[in-house]
Amino acid sequence: MKLIITVVQDQDAPHLLEKLLGGGYRATRLATTGGFLRQGNTTLLVGAEDENVDEVLHLIEETCSSRQQTVTPWVPLGGSVDSYVPYPMEVTVGGATVFVLAVEDFRKL
Ligand code: 2BA
């Protein structure tokens, strides 16, 4: 079994959840915040049998779009944590950041 951890944009999460549940998968949705943009995103935990991992990855790939976002993160000026300045920039966010971890043990107690 594998644990698929995927960080997706909030806009894509409902559609992806629908597809996962429709495909017979189980998922846990976490409200998360990106460390760089400091904006909300969604992290899904999906436990899947090894032979189903490719299908889950395919569902993620076909559902999650990358988007351009102009953001104004606060960045440190000259490396000092005391002096942060707003710095407008364009970034490509998503489609999805995916981690696939081996599960040593899985139980429902
Ligand atoms: P954030 O950390 O808010 O990053 C949002 C987007 O900002 C990133 O999109 C990337 O395009 C850009 N970005 C991030 N760090 C940057 C930097 N140091 N300099 C310039 N641009 C930067 P994605 O790469 O698609 O990541 C989307 C979200 O996925 C991230 O939100 C974070 O929550 C998660 N993520 C991405 N890589 C990760 C990793 N290696 N470990 C844990 N979480 C990760």
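**View 1. Strands β1 and β3 pair side by side in this predicted model.** Strand β1, which covers residues 2-8, is joined to strand β3, which covers residues 40-48, by seven bridges, and the two strands run antiparallel. One place to begin looking is K2, which stands opposite A48 of β3.

**View 2. Strands β2 and β3 form a hairpin.** Here β2 and β3 are joined by eight bridges and run antiparallel, and A31 has T42 in β3 as its bridge partner. Six residues lie between the two strands of the hairpin, and in this turn R38 has a positive phi of about 60°, although R38 is not a glycine. For comparison, most residues other than glycine have a negative phi.

**View 3. Four strands make up an open sheet.** Which order do the strands follow across the sheet? They follow the order β2-β3-β1-β8, and the pairing is antiparallel. Because β2 (residues 26-33) and β8 stand at the edges and each has a single partner strand, one side of each is left without a neighbour in the sheet. From one strand to the next, the twist averages 20°.

**View 4. Helices α1 and α2 are placed against strands of the sheet.** Helix α1, made of residues 13-22, lies across β1, β2 and β3, and runs at about 165° to β2. Helix α2, made of residues 53-63, packs on the sheet, where it touches β1, β3 and β8, and the direction of α2 makes about 5° with that of β1.

**View 5. The ligand is surrounded by residues that include G35, F36 and L37.** Others in the surroundings of the ligand include V7, N41, T97 and F99. A backbone N or O atom of G35 lies 3.2 Å from an oxygen atom of the ligand, while for F36 a backbone N or O atom lies 2.9 Å from an oxygen atom of the ligand, and for L37 the corresponding distance from a backbone N or O atom to an oxygen atom of the ligand is 2.8 Å. Of the 760 Å² of accessible area that the ligand has on its own, the protein covers 53%.

**View 6. Strands β7 and β8 contribute to the shell around the ligand.** The elements that give two or more residues to this shell are β7, residues 89-93, and β8, residues 96-102. The largest share, three residues, comes from β7. How many nonpolar, polar and charged residues does the shell have? Sorted by class, the shell has six nonpolar residues, six polar residues and no charged residues.

**View 7. A cis peptide bond joins G94 and G95.** The omega of this bond is about -5°, and G95 lies in the loop between β7 and β8. In general, most peptide bonds are trans.

Key:
Residues are numbered from 1 along each chain as its sequence is written. This is a predicted model: local features need pLDDT of at least 70, side-chain atom pairs count only at pLDDT 80 or more; totals for chains, interfaces and linings use all residues. Side-chain values use heavy atoms; hydrogens and water are left out. A residue is near a molecule or strand if one of its heavy atoms lies within 4 Å of it. A polar contact is a pair of N or O atoms within 3.5 Å; within protein, one must be able to donate a hydrogen and the other to accept it, and residues adjacent in sequence count only if both atoms are side-chain atoms. Accessible areas come from the Shrake-Rupley method with a 1.4 Å probe; for residues, only the protein chains shown count as cover. Ala, Val, Leu, Ile, Met, Phe, Trp, Tyr, Cys and Pro count as nonpolar, Asp, Glu, Lys and Arg as charged, and the others, Gly among them, as polar. Two strands pair if DSSP finds at least two bridges between them. Axes are lines fitted to C-alpha atoms, for helices over the stretch in contact, and angles run from 0 to 180 degrees between N-to-C directions. Contact means heavy atoms within 4.5 Å.
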